[in-house]
Amino acid sequence: MNYNRTVKNDSTVTVRVACAVVFVAFAFLWLFFFQADLISVAQHVFSAGQTIYYPLTGALLITAILLLLQSGIFWLLRLGKFSHALTYLPSFLVLAVITSAGEHAGSHFALGRWLWLAPLLLILWGALVWVARSLVPYEARHATGLFSRCVWFNMLAMAVMMAGVACSANTNAVFHFRIHAERALISRDYDEALSVGSRSLETDASLTMIRAYALARKGMLGERLFHYPVYPSSDAILPAAGDAGSRMLIYPADSVYRFLGAVPRRPMQPQEYLAAIKRSGQAAPAADDYILCSSLIDKDLDSFARQIVSCRTVNDSLPRHYREALVLYNHLRSNPLIVYHDPVLDADYDDLQRLKAEYKVYDERKGKALELYRNSYWYYYEFVNNKQ
C-alpha cells in the first residue's frame with residue numbers, strides 16, 4: 001500500500017471540497033441577496049427587454065456555470081493542493097464583471113475599466129499559475145486536515161478574491177434602490193416600491209421620479225411625496241430623454257406617460273408636457289397632482305396657489321402637503337391669493353419658527369427640524385438645497 005499517495009489524495013480532496021463549499025456559498029449569496037437587482041438590469045439590456053430575471057433561478061444557474069468553469073481549469077492545470085484556490089480566480093473575475101455595472105446599465109452594458117483590468121489580472125494569474133506548477137514537486141506530502149495550514153492558506157486566497165469581488169461591485173445604495181423599486185413597479189407592487197430605501201436620506205432625480213409615480217398610482221402624491229427625500233428640481237418628476245436627468249432602467253417610461261394621459265411625440269420638459277396635455281384635454285386626474293407637486297418641488301408657492309384654485313376645492317380635505325404649502329404661503333405673503341388657515345397646522349408651523357429661533361447654529365437647527373418635521377413640506381422648503 002502506497003501510504004504517501006493515499007495521504008496526498010485525501011489532502012487534495014479536503015482542499016478541493018473546502019474551496020468549493022466556500023465558493024458556492026459566496027457566489028450564491030452574493031448573487032441572490034446582494035446583486036439580483038443589478039443583474040436583472042443587465043439581462044434586460046442583453047435581451048432587449050424580452051426576458052425577466054428570476055433571482056433564485058439566476059443565482060443557481062450562474063453559480064453552477066462558474067463552478068463548471070473552475071472545474072475545467074482545475075483539470076486542465078492540475079495545480080497542487082497549496083495553490084488550488086488559484087483555479088477559482090477566472091470564476092471570481094467573471095462574477096466581478098457581471099456585478100459591477102454602473103449608471104449606464106439601463107441603456108447598454110459596457111466593460112469600462114475591465115477592458116484593461118481583466119487582461120492584466122489574467123496575466124498576473126498566469127504568472128502565479130506558472131510559479132505554482134513549478135512548486136508542485138516540492139509540496140510536503142503530509143496529511144491535510146480541515147484546520148491545517150494548507151487549507152487555511154487556500155482559504156486566505158479565497159478571502160482575498162471574495163474581497164476583490166465585493167470591492168469591484170456596484171454598491172451604490174441609491175442605484176440599488178432604483179432597480180429594486182422598478183422591479184416592484186413591474187409587479188405593480190407600489191407599496192414595495194415605496195418601502196425601498198425609505199429610511200435613507202439619500203436620493204437622486206430618478207429615485208424621486210419613481211417614488212412620485214408609485215405614490216400617484218396609489219393616489220397619495222400630494223399626501224406623502226415629502227415623506228421621502230426629494231431631488232430639488234421639478235425636472236426630475238418625469239423621465240428625461242437620453243441619459244441626463246431622470247430615467248427608468250427596466251420599467252418602460254411610456255407607462256408613466258400613459259398613466260398621465262398621453263405619450264409625447266417628442267422629448268419635452270416635464271412642465272411643458274404637463275401644460276400640453278392639460279391644454280389638449282388628455283390629462284388624467286393624476287396630472288393635476290404632478291403639476292401641483294412640481295410647483296412645490298421648485299418652491300414656487302405663488303404658482304402653486306394659482307394652480308390649486310383651478311383644479312381643487314380648497315378646504316381641509318386637501319392632501320396634507322397641499323395644506324402645509326397653503327399655511328406656509330399664508331404666513332409668507334402679506335396679500336395671499338388664497339386665504340387658508342388650519343388651526344393644527346398653524347400651531348405646528350409656529351412651533352417650527354420657535355425651533356428655528358432657539359437653535360442658532362444652522363446644522364443643529366436643521367438636525368432638530370429633521371427629527372421633528374422630516375415628513376413635512378416645511379422641512380423641504382426650509383432646509384433642502386438652501387443656503388445657510
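**Confidence**

The protein chain averages a pLDDT of 89, and 90% of the residues score at least 70. Among the helices, confidence is lowest in α1 (residues 3-34), where the mean is 81, and highest in α10, where it reaches 98. Over residues 1-8 the pLDDT stays under 50, and the model has four contacts beyond four places in sequence for this stretch. Where pLDDT is low, the predicted coordinates should not be read in detail.

**Helix α15 and its surroundings**

Helix α15 covers residues 320-332, and its 13 residues reach 18 Å from the first C-alpha to the last, close to the 18 Å expected at 1.5 Å a residue. The helix is mostly covered, with ten of its 13 residues buried; the buried set runs from His321 through Tyr322, Arg323, Glu324, Ala325, Leu326, Val327, Leu328 and Tyr329 to Asn330. These buried residues pack against α10 (221-224), α13 (285-297), α14 (301-311), α16 (343-358) and α18 (377-383).

Glu324, which belongs to helix α15, has a relative accessible area of 1% and therefore counts as buried, the limit being under 20%. Apart from its neighbours within four places in sequence, Glu324 is in contact with Leu345, Ser376, Tyr377 and Trp378.

Helix α14 contributes Leu301, Ser303, Phe304, Ala305 and Ile308 as its buried residues, and these pack against α13, α15 and α18.

Helix α5 (residues 114-135) contains Leu120, which is partly exposed at a relative accessible area of 39%. Together with Trp116, Leu121 and Leu124, Leu120 forms a nonpolar patch on the surface, with about 390 Å² of accessible area for the group.

Val129 is also found in helix α5, but this residue is buried, at 7% relative accessibility. Leaving aside neighbours within four places in sequence, Val129 is in contact with Leu77, Leu79 and Leu86. Its C-alpha lies 20 Å from that of Arg149, a residue 20 places away in sequence.

Met268 sits in the loop between α11 (253-260) and α12 (270-280). With a relative accessibility of 19%, Met268 is classed as buried because the limit is under 20%. Beyond four places in sequence, Met268 is in contact with Tyr273 and Ala276, while the C-alpha atoms of Met268 and Ala240, 28 residues apart along the chain, are separated by 7.8 Å.

**Salt bridges**

Side chains of opposite charge can pair when their charged atoms come close.

| Salt bridge | Closest N to O distance | Relative accessibility of each residue |
|---|---|---|
| Arg183 and Asp37 | 2.4 Å | Arg183 23%, Asp37 12% |
| Glu272 and Arg266 | 2.6 Å | Glu272 33%, Arg266 46% |

The salt bridge between Arg183 and Asp37 links distant parts of the chain, with Arg183 in helix α7 (residues 173-186) and Asp37 in helix α2 (residues 36-46), 146 residues apart. In this pair Arg183 is partly exposed, whereas Asp37 is buried.

Terms used: Residues are numbered from 1 along each chain as its sequence is written. This is a predicted model: local features need pLDDT of at least 70, side-chain atom pairs count only at pLDDT 80 or more; totals for chains, interfaces and linings use all residues. Side-chain values use heavy atoms; hydrogens and water are left out. Helices (H or I, at least four residues) and strands (E, at least two) are DSSP runs, numbered from the N terminus. The expected span of a helix is 1.5 Å times one less than its number of residues. Buried means under 20% relative accessible area, exposed over 50%, partly exposed in between (1.4 Å probe, protein chains only). Contact means heavy atoms within 4.5 Å. pLDDT is the predictor's confidence in each residue, from 0 to 100. Patches are made of residues with over 30% relative accessible area and no salt bridge: like charges are joined within 9 Å, nonpolar side chains (Val, Leu, Ile, Met, Phe, Trp, Tyr) within 5 Å. Accessible areas come from the Shrake-Rupley method with a 1.4 Å probe; for residues, only the protein chains shown count as cover. A salt bridge is a side-chain nitrogen of Lys or Arg within 4 Å of a carboxyl oxygen of Asp or Glu.
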